[in-house]
Amino acid sequence: MKTRAAVLWGLNQEWKVEEIDLHPPKAGEVLVKMGAAGLCHSDEHLVTGDMIPSEALREQLGLPDPFPLIGGHEGAGVVVEVGPGVTSVQPGDHVSASFIPSCGRCRYCSTGRQNLCDLGGSTFMRGQITDGTSRHFVGGQELNVMAKLGTFSEHTVVAEASVIKVDPDLPLDCVALVSCGVATGFGSAVERAGTQVGDTVVVVGIGGIGINAVQGARMAGARRVIAVDPVEFKREKAMELGATHTFSSMEEAIPAVMEMTWGQMADRVIMTPGVLYGEMMAGANDLCGKGGTMVVTAIAPMTQTEASVNLFQLAMWQKEIKGTIFGSLNPRADIPKLLDLYREGSLKLDELITRRYPLDDINVGYQDMRDGINIRGVVVFD
């Protein structure tokens with residue numbers, strides 16, 4: 001079939017919306033008509049090259065050129081067709097995308113760590129998870145697909161392992177947000193940081209992930225939820241969704257946190273800036289108190305190999321630093337759980353969407369993200 005998708009042809013280029021050829025699903029695959037796709041910063045990292053291995057490293061590891069590729073890994077839609085062997089969904093089902101697939105059988109899935117599923121290891125490789133061949137083409141040329149999803153496409157073919165059935169009454173734009181940003185932020189605060197009742201939690205960077213770390217910390221019972229971001233609009237939004245205090249920078253926050261905690265500092269510090277650089281960890285370390293936890297959620301450029309952390313304090317104050325992907329949640333269990341919290345009114349999703357865009361305006365949406373005027377922009381398909 002013919003469909004349209006936003007394609008990235010190289011570093012520092014704009015997304016190009018064009019007609020592509022999409023082949024039908026094979027065994028273990030599904031054809032999805034997308035309803036909504038979130039404009040997540042992770043796709044911006046493809047544009048800037050933060051998530052793209054250097055040419056030298058690709059040559060060393062034998063990796064192919066990642067371009068051209070269809071972007072998008074946060075999304076939701078409706079199943080149109082299923083390939084042989086698919087059992088968990090059928091045509092007409094509403095589904096959430098899962099940028100981390102879950103096979104249910106590997107060491108990590110079978111021990112309750114679906115976010116580390118071995119199938120995720122081929123995220124930047126060409127071809128489908130199922131058999132390594134491609135379903136997406138433009139002018140006869142194979143297209144790579146972001147996270148094996150390509151939600152910036154009106155239709156896409158994905159592995160059954162990459163979609164999760166959801167209730168059909170839920171709005172697809174809200175379901176799309178839970179597939180990445182909401183789950184990652186919420187899980188960073190609740191699961192990976194282990195926020196407890198009465199804690200002081202600092203969230204650095206209030207975008208589509210950080211705002212949900214704020215929500216997660218609030219719902220976990222934190223006494224103080226401190227949001228740090230240079231953009232006033234984002235600080236105001238954080239206050240609406242659960243923050244108790246806001247500051248424009250870590251430097252501004254440090255003395256205030258020291259005063260309000262009588263010198264104990266924060267129990268949890270969650271790093272969710274748009275781009276994380278090693279020197280920023282010095283501020284996280286200063287904000288973190290004895291026995292505290294620093295969670296690194298944001299993506300750093302692949303070239304970042306050093307971080308500014310006081311190693312004496314790390315040991316003598318018994319601090320810890322944890323990385324996380326997908327907030328250390330289990331997609332198949334936790335996406336429906338978060339949507340249940342939304343239905344009950346506990347988790348705010350509609351309030352996260354600053355603006356909706358047609359696919360043709362995807363570059364406008366990303367410029368709005370760069371300009372700091374969106375918490376989350378969403379592409380809505382007809």
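User: In strand β12, which residues point one way and which the other, and what makes them count as buried?

Analyst: In this predicted model, T200, V202 and V204 point one way from β12, while V201 and V203 point the other way. Buried means under 20% relative accessible area, and all of these residues are buried.

User: Why is β12 described as largely enclosed by the rest of the structure?

Analyst: Strand β12 covers residues 200-204, and five of the five residues are buried; it is therefore largely enclosed by the rest of the structure.

User: How do you know which strands pair with β12?

Analyst: Two strands pair if at least two bridges are found between them. Five bridges join β12 to β13, residues 224-228, and four bridges join β12 to β15, residues 266-271. Residue V203 illustrates both pairings: its bridge partner in β13 is A227, and V203 stands opposite I270 in β15.

User: What makes β12, helix α4 and β13 a right-handed unit?

Analyst: The crossover is called right-handed if, with the strands pointing away from the viewer, the path from the first strand over the helix to the second runs clockwise. The β-α-β unit made by β12, α4 (residues 210-219) and β13 is right-handed.

User: What is the order of the strands in the open sheet, and why are β14 and β17 said to stand at the edges?

Analyst: Six strands form the open sheet, in the order β14-β13-β12-β15-β16-β17, with parallel pairing. β14 (245-247) and β17 (320-323) each have a single partner strand, so one side of each is left without a neighbour in the sheet. From one strand to the next, the twist averages 20 degrees. The partner of β17 can be examined in detail: β16, residues 288-296, is joined to β17 by four parallel bridges, and M294 stands opposite I321 in β17.

User: Why is helix α1 called largely enclosed?

Analyst: Six of the eight residues of α1 (residues 41-48) are buried, and the helix is therefore largely enclosed by the rest of the structure. The buried residues are S42, D43, E44, H45, L46 and V47. They pack against β1 (2-8), β4 (69-70) and α10 (362-370). After α1 comes G49, whose phi is positive, near 90 degrees.

User: Which residues of helix α6 are buried, and what covers them?

Analyst: In α6, residues 250-260, the buried residues are M250, A253, I254, A256, V257 and M260. Their cover includes β12, β13, β14, β15 and α7 (281-287). As a general point, an α-helix has 3.6 residues a turn, so residues three or four places apart point the same way. Just after α6, W262 takes a positive phi of about 55 degrees.

User: How do you know that the radius of gyration of the protein agrees with that of a compact globule?

Analyst: For 382 residues, a compact globule would have a radius of gyration near 21 Å; the protein has 20 Å, so the two agree. Along its principal axes, the C-alpha trace spans about 65 × 50 × 40 Å. Buried residues make up 58% of the 382 residues. The protein contains 10 helices and 19 strands.

Definitions and conventions:
Residues numbered from 1 in each chain as written. Predicted model: local features only at pLDDT ≥ 70, side-chain atom pairs only at ≥ 80, totals over all residues. Heavy atoms only, no water. Buried < 20%, exposed > 50% of the residue type's maximum accessible area, 1.4 Å probe, protein only. Helix = DSSP H or I, 4+ residues; strand = E, 2+ residues; numbered from the N terminus. Rg over C-alpha atoms; globule rule 2.2 N^0.38 Å. Axes fitted to C-alpha atoms, helices over the stretch in contact; angles between N-to-C directions. Contact = heavy atoms within 4.5 Å.
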